[in-house]
Each structure stands twice: as C-alpha cells, then as structure tokens.
Amino acid sequence: MSRGINKVILIGNVGNDPDVRFRADGAPIANLSIATSEKWLDKQSGQQREKTEWHRVVIFGKTAEIAQQYLKKGSKVYIEGKLQTRKWQANDGTDRYTTEVIIDGFNGQMQMLDRPDDRSDNSGAQNGYHTSQQQPAHYQQQPNQYQQARNGQQPAHQPQGQFDQYDQNIPF
C-alpha cells in the first residue's frame with residue numbers, strides 16, 4: 001500500500017506580523033497568513049487580471065521564534081510544509097474546519113527571501129539584520145577574478161573554508 005505525499009510549497013508575502021503563543025511546555029507556535037498571487041491577461045477584455053489566495057500557516061519550534069523575530073507584514077517568504085485540516089467547535093456548538101500549512105521539525109522549511117534594504121520601512125537593523133555594506137578586510141584586499149583576468153593576471157586561488165566563519169551568524 002502506498003503512503004502518499006503531503007507537501008506544500010508557497011512563495012508569497014506575509015499578510016500580518018506573526019502571532020506567537022506558547023504551549024504549556026514553553027514551545028512556541030507562530031500563526032501567520034501568506035498571500036500568493038497570480039496574474040494573467042484576460043483574452044476577452046484584454047485587461048490584466050490578478051487573483052490572490054490567502055494561506056494560513058502554523059510554525060512550531062525554533063522556526064516559530066525565527067519567524068517572530070524576522071518576519072513582518074509584507075515580508076517575502078518561502079514556505080515548505082504539509083497540509084493539515086483541523087476540526088474545532090464554534091461558540092454556537094457547530095463544528096468548524098480549517099486547513100493550514102504546518103511547518104514543524106524536519107518536515108518543514110521557512111526562508112526569508114527579501115533583503116533588509118528591500119523592506120518598506122528600512123528598519124533592517126532593528127529587526128535583527130545587519131545592514132552594514134562593509135565587507136571583511138581580506139575580501140576587500142583581493143581583486144575579484146574578473147578584474148584579474150581583465151588585467152591579464154591569473155586569478156588567485158581562494159581557500160575553500162575562507163568564509164566558513166560567517167556561516168555561524170545565520171539564525172536558522
């Protein structure tokens with residue numbers, strides 16, 4: 001018997017700042033909405049049309065903390081998770097259902113796609129982004145391979161692990 005695949009991939013904009021709550025054991029859960037849009041040319045009217053879909057997203061664990069810290073309304077984000085339908089009862093006693101994209105553990109992924117200076121409020125530094133345009137000194141001292149080739153020089157070999165120290169600063 002086959003098991004099936006339940007996988008959702010979204011690239012869109014965050015519709016609201018993440019709402020983070022904590023379970024009794026202290027584990028964070030972030031709720032947010034993602035808007036995805038598609039555009040097309042209407043053949044009959046010749047006008048540009050657009051349709052936006054809203055997706056409920058629930059993020060668990062460390063990724064929820066990262067979402068709270070870095071995602072803001074309007075942020076562009078890549079989401080990979082699974083669909084899950086949840087049943088709950090409304091105040092009037094009727095059963096309600098909601099379908100959400102779930103990101104938890106190894107089954108999900110979130111990547112921020114916009115740069116800090118792409119944000120509308122330009123508040124990158126206060127949102128945890130480092131906005132300095134300064135590069136490491138050893139990077140500035142060596143001309144890039146294109147400049148060396150243009151000047152008739154052999155490109156300098158750069159060691160493979162030269163930039164490994166910067167990978168430690170990535171929060172996810």
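Q: How many bridges join strand E2 (residues 19–22) to E3?
A: Helices (H or I, at least four residues) and strands (E, at least two) are DSSP runs numbered from the N terminus, and two strands pair if DSSP finds at least two bridges between them. E2 and E3 run antiparallel, and Phe22 has Pro28 in E3 as its bridge partner. The number of bridges that join E2 to E3 is 4.

Q: What pLDDT do local features need in this predicted model?
A: Residues are numbered from 1 along each chain as its sequence is written, and side-chain values use heavy atoms, with hydrogens and water left out. The model is predicted: totals for chains, interfaces and linings use all residues, side-chain atom pairs count only at pLDDT 80 or more, and local features need pLDDT of at least 70.

Q: In what order do the elements of the chain run from the N terminus on?
A: The chain holds 3 helices and 7 strands. Read from the N terminus on, these elements run β-β-β-β-α-β-β-β-α-α.

Q: Which residue in the turn between E2 and E3 has a positive phi?
A: E2 and E3 form a hairpin, with 5 residues between them. A positive phi of about 90° is found in this turn at Gly26.

Q: Over how many bridges do E3 and E4 pair?
A: The two strands pair in the antiparallel sense, and Ser37 has Thr52 in E4 as its bridge partner. Their hairpin has 6 residues between the strands, and Gly46 there takes a positive phi near 75°. The count of bridges between E3 and E4 is 13.

Q: Is Thr36 buried or exposed?
A: Thr36 is found in strand E3. Buried means under 20% relative accessible area, exposed over 50% and partly exposed in between (1.4 Å probe, protein chains only). Because its relative accessibility is 18%, Thr36 counts as buried.

Q: With the side chain of which residue does the side chain of Thr36 make a polar contact?
A: Contact means heavy atoms within 4.5 Å, and Thr36 touches Leu10, Ile11, Gly12, Lys51, Thr52, Glu53 and His55, not counting residues up to four places away in sequence. A polar contact is a pair of N or O atoms within 3.5 Å; within protein, one must be able to donate a hydrogen and the other to accept it, and residues adjacent in sequence count only if both atoms are side-chain atoms. At 2.8 Å, the side-chain partner of Thr36 is His55.

Q: Which residue in E5 is the bridge partner of Ile11?
A: E1 joins E3 through 2 bridges, and these strands run antiparallel. E1 also pairs with E5 in the antiparallel sense, over 6 bridges. In E5, the bridge partner of Ile11 is Tyr78.

Q: In which sense do E4 and E6 run?
A: E6 is joined to E5 by 8 bridges, and those two strands run antiparallel. E4 is joined to E6 by 3 bridges, and Val58 stands opposite Ile102 in E6. The sense in which E4 and E6 run is parallel.

Q: What percentage of the accessible surface belongs to carbon and sulfur atoms?
A: Of the 172 residues of the chain, 28% count as buried. Accessible areas come from the Shrake-Rupley method with a 1.4 Å probe, and for residues only the protein chains shown count as cover. The accessible surface of the chain comes to about 13,000 Å², and the part that belongs to carbon and sulfur atoms is 45%.
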